[in-house]
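Here is a short note for a colleague who is opening this structure for the first time. Please read the points with the model in view.

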Amino acid sequence: MFPAMVVQTSKSPGQGDAAATSLKIFINGRLVDKEDAKISVYDHGLLYGDGVFEGLRSYAGRVFRLEQHLARLWDSAKAIWLEIPMTRQAMADAVNDTLKVNGLEDAYIRLVVTRGAGSLGLDPNRTSDPQVIIIADRIQLYPRELYEKGLEIVTASTVRNHPAALNARVKSLNYLNNILAKIEGLQAGCIEALMLNHKGEVAECTGDNIFLVRAGALATPPTDAGILEGITRQAVIELAQQAKIHVREMPLTRHDVYVADECFLTGTAAEVIPVVKVDSRPIGSGEPGPITRKLIDRFHALVRG
Ligand code: PXG
């Protein structure tokens, strides 16, 4: 367990008032200046991507679905035999304290738990002191016009991790699978890319879940398609059900995407964003559709209401 939280201010000479206003980062129970927020180069999070993380948002100072994000973080950690050295309640308090000390209301929050520093070998038993890091910073949203005009995406040739290799439900520090697909998207001029699973079915995008609309109903790949069970995905499923829109979690193919009436993505950073073109094919009318717009409005009301 960590000692009571202390706020440390950089003592570096010459920083003057800037140090006092510097962003504070939580590391292992301490809030330190961004410049002083450092971990070992022997940390297995760096050496092997051995660790887990979460990305959260706060709206008007309130963290959206904090308990669900913490539950997913603890599940991810359990799946990789990593014990988080603090309680969930202490983590929740630390998240709120980190927001408050930085005076942030609308923020993006990154939680990171690494395996800790060890020897230059894979053996996790030869590590000590898992590092718990909380970064709260201003949010970098996708350009506003994309929410009105919609995104164009492409299918990446990089297949989503086989669930028996590294299950996509684990939000691990090894995101190379997604990054390789993201690079493919960027090279095609798209900020997101669609990933298929090892069976060739639609899985998800590199950092967002995918939904289709067909004949007035929603469809999204099921958990066992090898996807991260997005918190935003779950919120949108609930909003759709409240709006009496039928939702089916079912295996989907690229064909289903191409012939959908509407398509949108969900994620903590993106919220709900329309997709209007996939692999150069216009989806539906080629403009954000009415069900997508309705769910965007309902999502805004949920998080900001
Ligand atoms: N799929 C994947 C692979 C993700 O990483 C989502 C779906 C959406 O899940 P949530 O719970 O956010 O609705 C994610 C999460 C970032 C960033 O910094 C965002 C994610 C992951 C990593 C980094 O923008 N999205």
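1. Start at Ala215, which sits in the loop between β11 (209-214) and β12 (217-220). Strands here are DSSP runs of E with at least two residues, helices are runs of H or I with at least four residues, and both are numbered from the N terminus. Ala215 has a positive phi of about 50 degrees, although it is not a glycine. Most residues other than glycine have a negative phi. Ala215 counts as exposed because its relative accessibility is 72%. Exposed means over 50% relative accessible area, buried means under 20%, and partly exposed lies in between, with a 1.4 Å probe and protein chains only.

2. A note on the source. This is a predicted model, in which local features need pLDDT of at least 70 and side-chain atom pairs count only at pLDDT 80 or more, while totals for chains, interfaces and linings use all residues. Residues are numbered from 1 along each chain as its sequence is written, and side-chain values use heavy atoms, with hydrogens and water left out.

3. Ser280 is another residue to check. Its phi is positive, near 70 degrees, and Ser280 is not a glycine. Ser280 lies in the loop between β15 (271-278) and β16 (281-282). At 54% relative accessibility, Ser280 is exposed.

4. Next, the ligand. Which residues are closest to the ligand? They are Tyr175, Glu204, Ile231, Thr232 and Thr268, among 21 residues that surround it. To be near, a residue needs a heavy atom within 4 Å.

5. A polar side-chain atom of Glu204 is 2.6 Å from a ligand nitrogen. Gly207 places a backbone N or O atom 3.0 Å from a nitrogen atom of the ligand. A side-chain N or O atom of Lys171 is 3.2 Å from a ligand oxygen. On its own, the ligand has 540 Å² of accessible area, and the protein covers 85% of that. Accessible areas come from the Shrake-Rupley method with a 1.4 Å probe; for residues, only the protein chains shown count as cover.

6. Ile231 and Thr232 also belong to the buried residues of α7, which include Ala235 and Leu239. Helix α7 has 12 residues and spans 17 Å from first C-alpha to last, close to the expected 16 Å at 1.5 Å a residue. The expected span is 1.5 Å times one less than the number of residues. Just after α7, Lys244 has a positive phi of about 60 degrees.

7. Asp224 lies in the loop between β12 and α7 (231-242). Is Asp224 buried or exposed? Asp224 is exposed, at 63% relative accessible area.

8. Finish at Thr155 in strand β8 (residues 151-155). Thr155 is buried, at 15% relative accessible area. Not counting residues up to four places away in sequence, Thr155 touches Leu194, Leu196, Arg254, Tyr258 and Asp279, where contact means heavy atoms within 4.5 Å.

How values were computed. A polar contact is a pair of N or O atoms within 3.5 Å; within protein, one must be able to donate a hydrogen and the other to accept it, and residues adjacent in sequence count only if both atoms are side-chain atoms.
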